Amino acid sequence: MGGVKSKFNTILMGILLIFKRAALFSTLFLPLSLLMGQEEQKELEWDVLGELSIAYGVPSSYGKNNFLAEGYDLRNATNIEANVLESPRWLIGGQWSFFKGDVIDISKVGGIDKSRVTHLYIAGSYSLLESKKRMTLRTGLGIGYALYRHEKDTAKFRDDGFSILAKIDLGYRISNSFGVFLKLDHYLDFLSIDTAPEIENSLKRTQTFVPFVGIRLYTF
């Protein structure tokens, strides 16, 4: 029970950190937002061809038989996403994400000091709100590739596998070319690892939850 409570507190702290960073982020960009708003009093252009999103997040892994949750301290997630508008409510595109982790319990992981985790996806998103609004709310799914690069002293090795992405995204468009957003990603990884049978279950599947805050650039 204590372990579940600890994991919940970790996720909660991660979410609070994201919102603190979002508040700082908003403060930094407020002068730019006001300037853009003054320059663009006219209606927004809605015939967007595509968009580029860049975000920072705090990852947290969870669940039983999950070596990321049980053996790592995760941090510093970066996310880059490019989408093309297929219809007023549908987008399709690609996503790259990256985060790092230091091993805190070697008994759950094995001979590893630290790891870097990369995800690549092809994903589709659907807008839950009406089109031609400044505020957007989207949900999406993706399939892709997970790469885990490990280090132990001077040795380096890797694991990889298939990954599924689920996400929800709340955005606000400030001007024709600029917006901000909050996003929640969930990564479910199925890794190809040859190891001892007694620890195989804990090493072959991971679940990671990442809240992000970021900026969005629109193209026409």
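**Figure 1. Antiparallel pairing of strands S6 and S7 in the predicted model.** Strand S7, residues 155-173, pairs with S6 in the antiparallel sense, and 18 bridges connect the two. The hairpin formed by S6 and S7 has 2 residues between the strands. Asp153 in this hairpin adopts a positive phi near 55°.

**Figure 2. Antiparallel pairing of strands S5 and S6.** S6, which spans residues 135-152, is also joined to S5, residues 114-127. This antiparallel contact comprises 14 bridges. Tyr126 stands opposite Thr139, a residue of S6.

**Figure 3. The tilted aromatic pair of Trp90 and Tyr126.** The whole structure contains 6 aromatic pairs according to the search. Trp90 belongs to strand S4 (residues 90-103) and Tyr126 to strand S5, so the contact ties together parts that are 36 residues apart in sequence. Trp90 has a relative accessibility of 47% and counts as partly exposed. Tyr126 is likewise partly exposed, at a relative accessible area of 27%, because this class covers values between 20% and 50%.

**Figure 4. The stacked aromatic pair of Trp96 and Phe98.** The two rings lie 6.3 Å apart, centre to centre, with 5° between their planes. The pair counts as stacked because that angle falls under 30 degrees. Trp96 is partly exposed, with a relative accessible area of 31%, whereas Phe98 is buried at 17% relative accessibility. The two residues fall into separate classes because buried means under 20% relative accessible area.

**Figure 5. An aromatic cluster of Phe67, Tyr72 and Tyr148.** Ring pairs link these three residues, Phe67, Tyr72 and Tyr148, into a cluster.

**Figure 6. Charged side chains over the aromatic rings of Tyr218 and Phe212.** The charged end of Arg173 is placed over the ring of Tyr218, at 4.7 Å from the ring centre. In the second contact, Lys183 lies over the face of Phe212, 5.3 Å from the centre of that ring.

Note on methods
Residues numbered from 1 in each chain as written. Predicted model: local features only at pLDDT ≥ 70, side-chain atom pairs only at ≥ 80, totals over all residues. Heavy atoms only, no water. Pairing = 2+ DSSP bridges. Helix = DSSP H or I, 4+ residues; strand = E, 2+ residues; numbered from the N terminus. Phe/Tyr/Trp six-rings, centres within 6.5 Å; stacked < 30°, edge-to-face > 60°. Buried < 20%, exposed > 50% of the residue type's maximum accessible area, 1.4 Å probe, protein only. Lys NZ or Arg CZ within 6 Å of the ring centre and 35° of its normal.
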